[in-house]
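Hi,

Here is the structure I promised to pass on.

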Amino acid sequence: MIKGTAQLINALSEDRREYLFSLKDEFSLSESTFLELLKDELDLALWKEGSIEKFIDREKLGKMDKGQRKDEVLKMVRNSISLLRKGPVDYSSFTPEYPSRKKTIEIAEHEVVFGKCPCPVDGEKTRCCKLTTLDVIMQCAFSCSYCAVRSFYDDEKIIIPKDLEEKLLAMSFDENKYWHIGTGQASDSLMLGDDYSTLSALSAFARKHPDVVIEHKSKSGRKDIFDRVWPRNMLFTWSLNASVIIEKEEHLTATLDERISAARKARDKGALIGFHIHPMVYFKGWEDGYREVVGKITSAFAPDEITVISAGTLVFTKEVIKTMRTEGKMTRTSQMELTKSAGKYTYPLEVRKRMYDTLFAYFPEEYKEKAFTYLCLEDPSLWLSALHKEYSSDSDFELDMKRHYMSKIT
């Protein structure tokens, strides 16, 4: 049996498992063909699209020689799956069943170290901002269907390092190299507020290093965080999405309006704020969905109130796709043409181009001039048409970002 097959088999319901094994025996399917059909069966379950059984034309197979049948079975299924993956995803009839489990929070001995931006191929196939990551919370209480975090940590437990402030203040580093630090890679930066003093610890760290930008990225709507004033070099950003994606895929997170409202309070308290329209999803009605997102931003904020606006589309690793299949949590985010790009899977280049060009055309020019705009985890060829700018190297991109951020702080 091919490595990893058993785990996928165990993710199937008993009747689907029996059906696939009966196909394997009936058509003498190879292990590799069986694995492909197994993945397709699991994907259909995630998408609430039934079973591969509906794609197999028994009448047509009955007219074929025995030797032709096993190839034809795979062809029938693959062609049908390919059609489902093409074009924008339809959410109109999709209502996911997504039970939530309350995670426990544990203060534990845990090392605090710097990591790096998850750009897949540094300086080669993506234009990378060189973000430094700092994991002060591990695992997330939200349940976004596409999230990679649950592939890295125990799904039942959120870990906060013991003596966090002491550990942060003891860190020694080159502030020219580690000038932009993000806390939203291993968890949502604001979901716990300051309930466990994580933001207070980071505040002390920010005050000690005033030339370093500490960015907190969130899908939370918590406003109590902004009853106090934070150091000027703490940047608070919200990940935004179309309302239908928040409802169907970003489970337990704040609504679009709640996120905008939290950002408004933060700005009113003098905090630097920004927005990441990420991950954009190619669904039926996406143009109107992301037009609404832009409208909410521009209605609530003047151009010079926003520090950064970025965009990115869905990106998957093999490990995340496997986790989605084995967990079986319903989603249609993976119902896409899985195009290989810089070591990961995403939409075809022409789809991403159309989405970015459309999104940034919704913004009045003044917003693109006043806020720092960029594309995240993305091919450099897509920048010019969407943003009317491009960079010849990662270092030029990083330098311009640093120049802009520092101008907002001082």
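Trp383 is buried, because its relative accessibility is 1% (buried means under 20% relative accessible area, exposed over 50%, partly exposed in between, with a 1.4 Å probe and protein chains only). Phe397 is buried too, at a relative accessible area of 0%. The ring centres of Trp383 and Phe397 are 5.0 Å apart and their planes stand at 75°, so this pair is edge-to-face. Rings of Phe, Tyr and Trp (its six-membered ring) pair if their centres lie within 6.5 Å; planes under 30 degrees apart count as stacked, over 60 as edge-to-face and the rest as tilted. The pair links distant parts of the chain, with Trp383 in helix α14 (residues 383-387) and Phe397 in helix α15 (residues 394-409), 14 residues apart. Helices here are DSSP runs of H or I with at least four residues, strands are runs of E with at least two, and both are numbered from the N terminus.

Before I go on, this is a predicted model: local features need pLDDT of at least 70, side-chain atom pairs count only at pLDDT 80 or more, and totals for chains, interfaces and linings use all residues. Residues are numbered from 1 along each chain as its sequence is written, and side-chain values use heavy atoms, with hydrogens and water left out.

Back to the aromatics. The structure holds 24 aromatic pairs. In one of them, Tyr282 and Trp286 have ring centres 6.2 Å apart and planes at 55°, so that pair is tilted. Both Tyr282 and Trp286 are buried. There is also an aromatic cluster made of Trp179, Phe372, Tyr374, Trp383, Tyr391, Phe397 and Tyr405.

Leaving out residues up to four places away in sequence, His276 touches Glu215, Lys217, Thr237, Trp238, Ser239, Leu240, Ser310 and Tyr374 (contact means heavy atoms within 4.5 Å). His276 counts as buried because its relative accessibility is 2%.

Now the helix packing. Helix α9 (residues 256-268) packs on helix α10 (residues 286-300) at an angle of about 25°, and their axes are 11 Å apart. Axes are lines fitted to C-alpha atoms, for helices over the stretch in contact, and angles run from 0 to 180 degrees between N-to-C directions. α9 and α10 are therefore roughly parallel (under 35 degrees is roughly parallel, over 145 roughly antiparallel, 65 to 115 roughly perpendicular and the rest oblique). From α9 the contact uses Leu256, Asp257, Ile260 and Arg264, and from α10 Glu292, Val293, Lys296, Ile297 and Ala300.

How do α2 and α3 cross? The axes of helix α2 (residues 14-27) and helix α3 (residues 31-47) come within 11 Å and cross at roughly 150°, which means that α2 is roughly antiparallel to α3. On the α2 side, Arg16, Leu20, Phe21 and Lys24 meet Glu31, Phe34, Leu37, Leu38 and Glu41 of α3.

Lys48 has a positive phi of about 60° although it is not a glycine; Lys48 is in the loop between α3 and α4 (58-62) and is partly exposed, at a relative accessible area of 35%. Ser197, also not a glycine, has a positive phi near 65°. Ser197 lies in the loop between β6 (180-182) and α7 (198-208) and is partly exposed at 42% relative accessible area.

Cheers
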